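Hi there,

Here is the structure I promised to pass on.

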Amino acid sequence: MTMTVKEFSGRMPSGLWASAEEAARALSRSKKVIIATHIDADGISAGAIASKALDRKGVEAEVRFLKKLDEDAISVLAKARRDIVWYTDLGSGSVSKLGETRTVISDHHVPDVSTGSGEKTGQARLFDFSPVLHVNPQLHGISGATDLSGAGATLLVALALDARNADLSHLGVLGGVGDLQDHRTRRLEGLNREIAALAVSAGVLEVVQDIRLFGRETRPVHKMLEYSSDPFLPGITSDEQAAISFLLGHGIELKDGDTWRTWAMLTQEEKDTVIDALREHLTRKSRRPDTILRLTGEVYVLKGEATGSPLRDAKEFATLLNACGRHGRGEVGLEICKGDREGMLQEGLALLRDHRSALSQAISLAKDLGVTRMRNIQYFDAGADIEETIVGTVAGMLLGEAGSDRSAPMVAFADSLECGDEPKAKASARGTQDLVSKGMDLSAAMRRAAETVGGVGGGHNIAAGATIPMSRKDDFLGELDRIVEEQLTSRARREG
Ligand code: C5P
Ligand code: C5P
Ligand code: ZN
């Protein structure tokens with residue numbers, strides 16, 4: 001079944017599409033645009049969509065990468081004197097601070113103010129007199145945590161600019177996968193699903209039911225099993241020999257000549273054999289049915305990429321983009337998204353190797369430090385030993401490990417490199433779906449706790465961040481603990 005952009009636009013609230021059209025009109029009338037985007041996989045994909053769409057329109061555009069948007073960054077961008085500042089995958093959390101600069105925002109973060117007329121009329125404008133055009137699913141009753149990413153919101157604007165930009169839809173999928181929006185149900189949901197369908201129609205994506213372990217294209221199969229954490233494979237995860245014996249025991253050849261075989265190189269019959277055997281193994285180890293279900297689900301294959309390339313599997317591609325952006329090289333990821341398969345890809349691959357080792361070192365370090373449990377949150381403080389840009393990823397990985405305490409969100413501190421009057425600390429928080437369904441909202445909690453100590457914060461209900469004065473960590477933790485308790489108990493009280 002094919003889907004046209006017109007059909008696609010009919011599958012969302014008319015106000016959301018109208019806001020994308022209004023933003024597109026403003027952008028197509030401008031000559032010089034500055035695109036400011038976030039440094040993670042979603043932000044890089046969003047920046048690539050925006051910059052490619054403007055290139056095609058003949059509008060001059062420059063991309064800048066930001067770890068976060070604060071007043072200093074806003075004023076630097078305003079002074080750049082372009083016709084429009086286009087914020088992608090950020091901006092919504094600072095709408096009230098944007099001032100008089102002509103601005104387009106395509107983002108999915110929780111807005112820091114509710115909009116005026118926009119909600120009802122579908123106008124992108126914050127207020128009739130505001131120069132800010134705001135494209136955000138949350139203003140139209142759609143979740144920005146699960147149903148649309150920053151790249152997805154940016155794709156709406158690109159499609160409104162020109163329907164032929166449907167060939168960029170796979171980048172919208174990358175954003176959703178990069179932000180783990182497919183994590184809960186093991187597939188993309190909501191508008192993300194429609195974007196995947198559009199990408200399939202455009203011939204750039206294939207949606208496949210398959211094993212969901214990381215590394216389908218690039219890891220030797222036994223390594224893929226050895227590193228499995230979601231689900232954890234008892235007796236196999238973290239044990240290379242056991243992974244090898246398991247595969248050999250089911251008749252799977254590990255090598256083809258001199259090359260290690262990857263999952264993508266197995267025949268369908270071999271894949272089915274391994275999946276059945278893993279299910280049986282998990283059942284024998286008394287894993288719960290919903291854990292066993294997590295083995296398989298939808299995976300997203302970028303059809304134009306070579307077999308065995310880390311760009312072919314959306315999850316692996318997103319990790320490569322994180323490796324670029326989170327280590328200060330967002331432009332490398334951007335050029336890869338825009339099509340560079342030569343020098344930039346080589347650099348990206350090198351960054352990926354460094355990123356992997358940085359993450360594994362960071363995880364062991366965090367484990368050595370130990371996690372402190374408060375009443376409603378748990379935390380560790382990595383100081384200068386983990387980069388502020390990956391401390392959130394580390395917090396999420398610790399929370400996801402077998403045997404971890406998942407009854408409280410994980411908060412992680414790292415020293416911030418931000419210059420200013422006083423030293424700052426970066427805080428990242430990661431929660432679980434279960435806590436969110438009990439009323440926890442990390443976006444609101446991190447924002448409020450940061451504001452009480454003179455910092456800034458925001459994000460999503462399940463994952464959020466903040467930057468605060470270094471000297472106020474304890475006050476911040478106390479406040480955060482209190483707010484999370486309030487969130488969890490007020491929901492319980494309302495429902496009880
Ligand atoms: O800035 P942005 O919205 O792109 O980032 C979202 C963050 O939320 C990502 O770091 C992603 O890994 C995290 N996340 C998470 N668990 C989820 C959903 C998102 O840790 N279930
Ligand atoms: O930095 P970290 O990966 O922990 O960010 C988690 C989420 O919180 C991301 O979506 C990020 O964009 C958001 N965030 C924010 N404001 C901040 C810090 C992070 O909206 N000051
Ligand atoms: Zn995002």
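First, the housekeeping. This is a predicted model, in which local features need pLDDT of at least 70 and side-chain atom pairs count only at pLDDT 80 or more, while totals for chains, interfaces and linings use all residues. Residues are numbered from 1 along each chain as its sequence is written, chains are lettered from A and ligands numbered from 1 in the order in which they are written, and side-chain values use heavy atoms, with hydrogens and water left out.

**The zinc ion**

Asp 42 (OD), Asp 89 (OD), His 108 (NE2) and Asp 179 (OD) coordinate the zinc ion (ligand 3) at 2.0 to 2.3 Å. Donors here are N, O and S atoms within 2.8 Å of the metal (3.2 Å for Na, K and Ca); water is not among the atoms, so sites may look incomplete. The arrangement is irregular because the six donor atoms subtend angles of 59 to 171°. For reference, four donors count as tetrahedral if all angles lie between 85 and 135 degrees; four count as square planar and six as octahedral if opposite donors are over 155 degrees apart and all others between 65 and 115; anything else is irregular. Along the sequence, the donor residues follow the spacing D-x46-D-x18-H-x70-D. Asp 42 in helix α3 (residues 41-57) and Asp 89 in the loop between β3 (84-88) and β4 (103-106) are 47 residues apart, so this pair links distant parts of the chain (helices, H or I, of at least four residues and strands, E, of at least two are DSSP runs, numbered from the N terminus). Both Asp 42 and Asp 89 are buried (under 20% relative accessible area; exposed is over 50%, partly exposed in between, with a 1.4 Å probe and protein chains only).

**Ligand 1**

Around ligand 1 there are 13 residues, of which His 38, Asp 40, His 109, Asp 179 and His 460 come nearest (a residue is near if one of its heavy atoms lies within 4 Å). By class, this shell has three nonpolar, four polar and six charged residues. An N or O atom in the side chain of His 460 is 2.5 Å from an oxygen atom of ligand 1, and for the side chain of His 108 the distance to a ligand 1 oxygen is 3.1 Å. Arg 430 also has a polar side-chain atom 3.3 Å from an oxygen atom of ligand 1. The protein covers 85% of the 480 Å² of accessible area that ligand 1 has on its own (Shrake-Rupley method, 1.4 Å probe).

His 38 is found in strand β1 (residues 32-38) and is buried, with a relative accessible area of 17%. Its side chain makes a polar contact with that of Asp 40 at 3.3 Å (a pair of N or O atoms within 3.5 Å; within protein, one must be able to donate a hydrogen and the other to accept it, and residues adjacent in sequence count only if both atoms are side-chain atoms).

**Ligand 2**

Ligand 2 has 16 residues around it, and His 109, Lys 426, Ser 428, Arg 430 and Gly 458 come nearest. A polar side-chain atom of Ser 428 is 2.5 Å from one of its oxygen atoms, and for His 460 the corresponding distance is 3.5 Å. The protein covers 83% of the 460 Å² of accessible area that ligand 2 has on its own.

**One more residue**

Arg 279 sits in helix α11 (residues 268-284) and counts as partly exposed, at 34% relative accessibility.

Best wishes

Terms used
Ala, Val, Leu, Ile, Met, Phe, Trp, Tyr, Cys and Pro count as nonpolar, Asp, Glu, Lys and Arg as charged, and the others, Gly among them, as polar.
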